[in-house]
Amino acid sequence: MLGVAPYYFPMMEQQLDRFQIPLELKYLAIVESSLNPKARSGSGATGLWQFMHPTGKEYGLEVNKAIDERYNLEKATQVACEYLKKAYEKFGSWTMAAASYNKGKNGIRRLIETQGTNNYYNLHLNNETSRYIFRIIAVKEILENPKKYGFIYREKDLYIFPKYKVVEVNSTIDDLSAFAKQHGTNYKLLKQFNPWLRTTSLPDKSKRKYKLKIPTDNSLLVFDDFLTLE
């Protein structure tokens, strides 16, 4: 997590700042997925931010057999920000907003009504949600002070993500392997850079615009295991 954070955090911080959300809430993604973009829970929550299928669709993510934008790093981060912002407006604190990310807005609302308090630290919660905020705080403390906790590393020990360009498409791509070759890369790297592509094609009957990342450095990814979807 220390190794891949330099890649994911700048993008997350940019989105959080745009929505006027405390930057510390980027650590919520670590608690959710350990910064593994292919993470999938036993209940079906998927991606860095661990969205369930209905929640993803509710917030405008495309989720089907060919495309699953819960794996789209930028779009999923935007949705996480939208969720947290609405939760903050509903519950009045970022602590409660984060707690609702784990328990759900309706679950938190029912607890508030039953117990007569909207203070996270005064609520009687289930084990997972009662630990949730403290896990975020612990992750923040360790990642901001790694040497204090025995994590010693050099800059060259951090994972490196190769440079890429963005190609916009608004029509069906029948063969992603051929598409990759046309753009000077290969199918493996195309899938690594665009994990939301779930099959060997990109159907687009509605002429929707998609942005595909195309690597400009075709050397093997250093953190290959984090980006290769099963």
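This is a predicted model: local features need pLDDT of at least 70, side-chain atom pairs count only at pLDDT 80 or more; totals for chains, interfaces and linings use all residues.

Colleague: What makes W49 and Y101 an aromatic pair that is edge-to-face?

Modeller: Their ring centres are 6.5 Å apart, and the rule asks for centres within 6.5 Å. The planes sit at 65°, and over 60 degrees counts as edge-to-face, so the label follows. The structure holds twelve aromatic pairs.

Colleague: Why say that this pair ties together parts that are apart in sequence?

Modeller: W49 lies in the loop between α2 (27-33) and α3 (53-58), while Y101 belongs to helix α5 (residues 94-103), so the pair bridges parts that are 52 residues apart in sequence.

Colleague: Are those two buried or exposed, and how do you know?

Modeller: Buried means under 20% relative accessible area. W49 comes in at 1%, so it is buried. Y101 has 11%, so Y101 is buried too. Ring pairs also link W49 with F51, Y59, Y83 and Y101 into a cluster, and K105 lies over the face of Y83, at 3.5 Å from the ring centre.

Colleague: And what makes W196 and Y210 a stacked pair?

Modeller: The angle between their planes is 15°, and under 30 degrees counts as stacked. The centres are 5.7 Å apart, which is within 6.5 Å, so the rings pair. W196 is in the loop between α9 (187-193) and β2 (210-215), Y210 is in strand β2, and they are 14 residues apart. W196 has 3% relative accessibility, so it counts as buried. Y210 has a relative accessible area of 3%, and is therefore buried as well.

Colleague: Which residues have the most contacts inside the largest nonpolar core?

Modeller: M12, L35, W49 and Y101, in a core of 49 residues. Helix α4 gives the most to this core, with nine residues.

Colleague: Why is the contact between K213 and E74 called a salt bridge?

Modeller: The closest N and O atoms are 2.8 Å apart, and the rule asks for within 4 Å, so the pair qualifies. K213 is in strand β2 and E74 in helix α4, 139 residues apart. By this rule the count comes to eleven salt bridges.

Colleague: How do you know whether K213 and E74 are buried or partly exposed?

Modeller: K213 has 9% relative accessibility, under 20%, so K213 is buried. E74 has 27%, which falls between 20% and 50%, so E74 is partly exposed.

Colleague: What about K209 and E168: what makes that a salt bridge?

Modeller: Their closest N and O atoms are 3.5 Å apart, within 4 Å, so it counts. The pair links K209, in the loop between α9 and β2, with E168 in strand β1 (residues 164-169), 41 residues apart. K209 is at 51%, and over 50% means exposed, so K209 gets that label. E168 has 46%, so it stays partly exposed. Elsewhere, salt bridges that share partners join E62, E69, K75 and R208 into one network.

Colleague: Why can I137 be in a nonpolar surface patch?

Modeller: Patch residues need over 30% relative accessible area, and I137 has 44%, so it clears that cut-off. I137, found in helix α7 (residues 127-144), makes the patch of about 320 Å² together with Y121 and F134.

Note on methods:
Residues are numbered from 1 along each chain as its sequence is written. Side-chain values use heavy atoms; hydrogens and water are left out. Rings of Phe, Tyr and Trp (its six-membered ring) pair if their centres lie within 6.5 Å; planes under 30 degrees apart count as stacked, over 60 as edge-to-face and the rest as tilted. Helices (H or I, at least four residues) and strands (E, at least two) are DSSP runs, numbered from the N terminus. Buried means under 20% relative accessible area, exposed over 50%, partly exposed in between (1.4 Å probe, protein chains only). A charge sits over a ring if NZ of Lys or CZ of Arg is within 6 Å of the ring centre and within 35 degrees of the ring normal. Patches are made of residues with over 30% relative accessible area and no salt bridge: like charges are joined within 9 Å, nonpolar side chains (Val, Leu, Ile, Met, Phe, Trp, Tyr) within 5 Å. Accessible areas come from the Shrake-Rupley method with a 1.4 Å probe; for residues, only the protein chains shown count as cover. A salt bridge is a side-chain nitrogen of Lys or Arg within 4 Å of a carboxyl oxygen of Asp or Glu. A nonpolar core is a set of buried Ala, Val, Leu, Ile, Met, Phe, Trp, Tyr and Cys residues joined through side-chain atoms within 4.5 Å.
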